[in-house]
Amino acid sequence: MRIADEQDKGRVLEYLKQGLHDCLYLYIDVMNYGISSENMKVWMEEEQGEIVLVVMKYYDSFQIYSHREHFHTEGIIELIRKYPVAMISARRSLIEQLAPGLDGYKTDYGVVYLMDKYMKIGNPKKVELAEKEDAREIAELICSDDELGGHYTVDNLAAQLAERIQTRTGRSYIIRDDGKIVAHSATYAEAEGIAVVSGTIVKVGYRNTNCYMLLANYMMQQLVEEGKAAYTFSLSGKMISYLDKAHTRCGEYGKLVKKAGKNKR
């Protein structure tokens with residue numbers, strides 16, 4: 001592998017586009033931020049002049065894509081040992097090959113969906129578009145749920161949310177009660193014609209209300225009106241059962257999450 005530079009950006013994007021649903025975050029981040037920035041670095045591997053692997057470090061995570069089902073894992077494992085990030089994600093088959101070579105990480109597997117159905121609900125007054133100043137309170141809510149926020153720290157996630165809101169590469173929708181944020185959903189990544197929806201959470205005590213329905217459908221309504229295809233990921237068996245009825249499966253993914261006490265940053 002070698003570190004990619006700005007001259008590689010066009011080729012990298014064309015390569016990723018061929019398997020878009022297996023590398024959504026990677027594709028959108030390279031499109032928005034380029035090949036290198038303060039919090040991002042990209043590596044690539046080529047054979048006979050053709051790209052066969054792309055790896056991106058973004059904040060405290062790695063995103064990996066290869067069109068091949070089988071590949072040599074040594075280079076990626078070496079990178080992860082050099083940068084012991086909190087989370088590594090990729091298509092399920094790639095994570096299954098990486099997992100045996102990485103101590104200190106646990107594996108989770110889930111499903112990628114194209115969100116192609118929603119209910120029009122007008123403009124509910126309860127739903128607000130979050131500001132950068134809301135990022136920390138949102139991060140605290142997400143990190144209160146181990147399944148959704150277990151691989152983040154509050155500081156790290158708050159920084160990412162604030163950056164997305166400020167640069168308009170993501171947006172957060174919230175519902176407040178008595179001045180406190182009790183529900184949140186977001187586009188964690190956006191680019192022209194595409195968005196990834198994540199971070200949907202309703203605070204305990206509000207989960208039997210209509211908060212989830214309002215957030216999910218209002219945000220989808222906004223994205224459809226803007227001509228954006230929306231994707232989401234799920235690890236939860238309960239949510240997978242729901243999403244199977246509501247949307248279209250388009251892939252399977254996996255992630256490696258650093259175990260507690262393993263120098264989590």
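**Close-ups of a predicted model**

**View 1. Helix H5 under cover.** The buried residues of H5 are Ala 135, Ile 138, Ala 139, Leu 141, Ile 142 and Cys 143. Here "buried" means under 20% relative accessible area, "exposed" means over 50%, and "partly exposed" is in between (1.4 Å probe, protein chains only). Helices (H or I, at least four residues) and strands (E, at least two) are DSSP runs, numbered from the N terminus. This is a predicted model, where local features need pLDDT of at least 70 and side-chain atom pairs count only at pLDDT 80 or more, while totals for chains, interfaces and linings use all residues. Residues are numbered from 1 along each chain as its sequence is written, and side-chain values use heavy atoms, with hydrogens and water left out.

**View 2. Where H5 meets H7.** The axes of H5 (residues 135–143) and H7 (residues 154–167) come within 8 Å and cross at roughly 130°. Axes are lines fitted to C-alpha atoms, for helices over the stretch in contact, and angles run from 0 to 180 degrees between N-to-C directions. That makes H5 and H7 oblique to each other; angles under 35 degrees count as roughly parallel, over 145 as roughly antiparallel, 65 to 115 as roughly perpendicular and the rest as oblique. Contact means heavy atoms within 4.5 Å, and residues meeting here include Ile 138 and Ile 142 in H5 and Leu 157 and Leu 161 in H7.

**View 3. A sheet of 12 strands.** The 12 strands make an open sheet with mixed pairing, in the order S1-S2-S3-S4-S5-S12-S6-S11-S10-S9-S8-S7. S1 and strand S7 (127–129) sit at the edges with a single partner strand each, so one side of each is left without a neighbour in the sheet. Two strands pair if DSSP finds at least two bridges between them.

**View 4. Strand S12 and its partners.** S12 (residues 248–258) runs antiparallel to strand S5 (residues 87–91), joined by five bridges, and Ser 89 has Lys 255 in S12 as its bridge partner. S12 also pairs with strand S6 (residues 105–114) in the antiparallel sense, over 10 bridges. There, Tyr 105 has Lys 258 in S12 as its bridge partner.

**View 5. Arg 2 in strand S1.** Look for Arg 2 in S1 (residues 2–3). With 32% relative accessibility, Arg 2 counts as partly exposed. Leaving out residues up to four places away in sequence, Arg 2 touches Asp 8, Arg 11, Val 42, Trp 43, Met 44 and Glu 46.
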